[in-house]
Amino acid sequence: MQCEETERYRGTILFPSASTAMKFLQSLIARTRYARLGGSVGRVSGVRFLSVSTEDYSKRNYANNVSEYNTVLGSLTAQRRNFLLRDVYEDMMLDGVKPSRDTFHSLVVGTMKGARMQDAFFFVDQMKTMGLVPDVTLYNFLISTCGKCKNSDKAVQILEEMKCMEVKPTAQTYICLLNACASDGRLDRVYAIVRDMTAAGLGLNKFCYAGLIIAHKNKTPIADDFAAKVIEFVERSKIWSSVETDSANPENVMMGVTDEELYNLPTAEYVHRRGGFLNRPFTAYHTAFNAAADLKNVELMQTLLEMLNKEEKTPDIYILLQVIRCYCHAGEIDRALQTFEEYENSRKPIAAELFVTLAEGAMVGYTEKGMQIAQDILVRLNQRNFFVNSKMGSELLLVAAGEKTGGYMTANYIWDMMRARNVNPSFPAVESYYQGLKDREIPEDDPRLLLVSRTYDNLRMRSGFRAIV
């Protein structure tokens with residue numbers, strides 16, 4: 001995933017029923033039309049209707065004070081429309097509304113969730129020019145953003161700046177820094193932070209051990225003793241640590257920032273979607289199973305399952321997802337299917353992610369057998385009437401659209417399923433699917449090709465993406 005998006009979104013977006021958010025939508029649509037008519041290639045919200053009457057301007061203006069602007073920022077962040085935060089901030093400046101400390105916290109949290117490091121530092125610089133000194137919580141958000149963008153050098157610089165600004169780091173700061181360096185595979189820095197924490201009398205908690213696992217996984221080349229290290233860290237994570245009581249932050253909870261997201265753990269996106277299906281004490285296990293799946297290490301995955309079994313603990317759905325991924329990536333599709341069916345027959349609560357993960361994994365290599373299994377699983381998902389959101393559907397379509405031979409049946413089925421449920425795929429997914437259709441001998445007046453072509457053109461014009469060459 002790219003940390004910075006070079007193009008701003010210029011299309012229609014949907015907001016909650018809050019009046020300020022709805023006004024922002026109407027304002028953005030009007031500006032988009034104005035910008036297109038004028039041939040503007042600049043930022044949409046930079047266009048101002050200075051010649052309109054005060055009454056007309058009032059109707060178009062979506063926020064009048066800092067509180068209303070903060071509501072809009074919160075709405076955009078909640079919907080992951082992080083690329084629009086800077087537009088709203090510039091509107092605040094043009095309207096002469098002075099941002100508060102809470103405004104900047106909302107802006108930095110939004111850019112952190114969207115992994116937009118350049119915007120995050122822009123907002124902090126703006127904050128400083130207004131005489132507001134960043135606090136430790138905001139610095140933690142910045143370090144986390146650097147971790148999401150795999151820039152450990154910048155994360156270390158932030159810690160040095162904190163010391164210069166006499167802002168005292170907390171245990172949470174060091175855990176953020178540890179995981180930021182882990183995302184870069186910087187084992188040397190990770191162990192230096194561990195030494196600093198130990199010297200300060202801070203024990204390592206489950207998030208630290210998760211970071212150590214990630215650091216070893218991201219280090220290249222992978223060490224020969226990687227599996228042994230993972231098992232060691234999982235075992236040590238079960239020991240209680242004083243850091244556990246210092247992890248939660250009331251402000252983070254209020255702003256909807258989970259520990260998994262703050263520390264850039266593999267479970268962050270899953271927690272955002274389905275937090276209730278995650279066994280939080282399994283943090284180190286979750287990271288270990290994810291690493292095993294990424295590295296196709298079936299032996300390590302099975303060892304971890306045996307460890308859970310000895311503790312008389314049942315794997316949660318996230319762990320089951322990683323088991324299925326691991327089998328699929330290792331080419332053992334039959335065992336992945338068996339794992340799925342055993343769980344399905346156990347009559348335990350089942351989630352759409354299980355179907356999607358197995359379907360994606362089965363498509364690896366685009367074998368005839370794998371593509372048939374993927375389609376069968378998707379049919380079963382459809383029969384159960386599970387909801388598949390845009391993200392999951394788009395990921396499925398993007399993978400299926402990569403099939404170069406065969407009848408393209410799986411990709412067609414996913415497209416039809418999303419259309420029937422009024423779920424809009426992402427532009428990259430539509431682009432890939434459209435290209436796949438064009439590469440096949442399909443008549444130009446084929447209804448499916450015409451529909452996909454119109455969808456592709458609409459998304460390209462709306463989003464400003466490049467055309468297929």
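**Close-up views of a predicted model**

**View 1. Arg-347 lies in the loop between helix 19 and helix 20 (352-362).** The model shown here is predicted. Most residues other than glycine have a negative phi, and most peptide bonds are trans. Arg-347 has a phi near 65 degrees, a positive value in a residue other than glycine. Is Arg-347 buried or exposed? With a relative accessible area of 78%, Arg-347 is exposed, because the cut-off for exposed is over 50%.

**View 2. Asn-385 sits in the loop between helix 21 (368-383) and helix 22 (390-400).** Here too, look at the backbone angle. Phi of Asn-385 is near 60 degrees. That is a positive value in a residue other than glycine. The relative accessible area of Asn-385 is 62%, so this residue counts as exposed.

**View 3. A cis peptide bond joins Thr-220 to Pro-221.** The omega angle of this bond is near -5 degrees. Where is Pro-221 found? Pro-221 belongs to the loop between helix 11 and helix 12.

**View 4. The rings of Tyr-89 and Phe-104 form one of the 16 aromatic pairs in the structure.** A pair of aromatic rings is described by the distance of the centres and the angle of the planes. For Tyr-89 and Phe-104, the centres are 6.1 Å apart and the planes are at 50 degrees, so the pair is tilted. Tyr-89 comes from helix 4 (residues 85-95). Phe-104 comes from helix 5 (residues 101-113). Are they buried or exposed? Tyr-89 counts as buried because its relative accessibility is 1%. Phe-104 is buried as well, with a relative accessible area of 0%.

**View 5. Tyr-209 and Phe-233 form a tilted ring pair.** Their ring centres lie 6.4 Å apart, and their planes are at 35 degrees. Why is the pair called tilted? The angle of 35 degrees is the reason, because planes under 30 degrees apart count as stacked, over 60 as edge-to-face and the rest as tilted. Tyr-209 is in helix 11 (residues 206-218). Phe-233 is in helix 12 (residues 226-236). The pair links distant parts of the chain, 24 residues apart. Tyr-209 and Phe-233 are both buried.

**View 6. Tyr-89, Phe-104, Phe-122 and Phe-123 are linked by ring pairs into a cluster.** Arg-86 places its charged end over the ring of Phe-122. The distance to the centre of that ring is 3.8 Å.

**View 7. Arg-440 lies over the face of Tyr-408.** How far is Arg-440 from the ring centre? The distance is 3.7 Å.

**View 8. The second largest pocket has a volume of about 360 Å³.** Rolling a probe the size of a water molecule over the atoms shows where empty space is left. The lining of this pocket is made of 15 residues. Which of them lie nearest the centre? They are Pro-315, Leu-320, Thr-339, Glu-342 and Tyr-343. Two elements give two or more residues to the lining: helix 18 (317-329) and helix 19 (333-345). Helix 19 supplies the largest share, five residues. By class, seven lining residues are nonpolar, four are polar and four are charged.

**View 9. Ala-293 and Cys-326 have C-alpha atoms 3.9 Å apart in space.** In sequence, these two residues are 33 residues apart. Ala-293 is part of helix 16 (residues 283-294). Its relative accessible area is 0%, so Ala-293 is buried.

**View 10. Glu-344 is a buried residue of helix 19.** Glu-344 has a relative accessible area of 16%. That counts as buried because the cut-off is under 20%. Leu-354 lies ten residues away along the chain. The C-alpha atoms of Glu-344 and Leu-354 are separated by 9.5 Å.

View 11. How much of each span is helix? Residues 135-169 are 74% helix and 0% strand. Their end C-alpha atoms lie 10 Å apart. Residues 170-204 are 74% helix and 0% strand. In this span the end C-alpha atoms are 13 Å apart.

Key:
Residues are numbered from 1 along each chain as its sequence is written. This is a predicted model: local features need pLDDT of at least 70, side-chain atom pairs count only at pLDDT 80 or more; totals for chains, interfaces and linings use all residues. Side-chain values use heavy atoms; hydrogens and water are left out. On a 1 Å grid over the protein atoms alone, a cavity is a set of points where a 1.4 Å probe fits but cannot get out, and a pocket is an open set with protein on both sides within 12 Å along at least five of seven lines; lining residues have an atom within 4 Å of a point. Grid points are joined across faces, edges and corners, and a volume is the space filled by probe spheres set on the points. Helices (H or I, at least four residues) and strands (E, at least two) are DSSP runs, numbered from the N terminus. Ala, Val, Leu, Ile, Met, Phe, Trp, Tyr, Cys and Pro count as nonpolar, Asp, Glu, Lys and Arg as charged, and the others, Gly among them, as polar. Rings of Phe, Tyr and Trp (its six-membered ring) pair if their centres lie within 6.5 Å; planes under 30 degrees apart count as stacked, over 60 as edge-to-face and the rest as tilted. Buried means under 20% relative accessible area, exposed over 50%, partly exposed in between (1.4 Å probe, protein chains only). A charge sits over a ring if NZ of Lys or CZ of Arg is within 6 Å of the ring centre and within 35 degrees of the ring normal.
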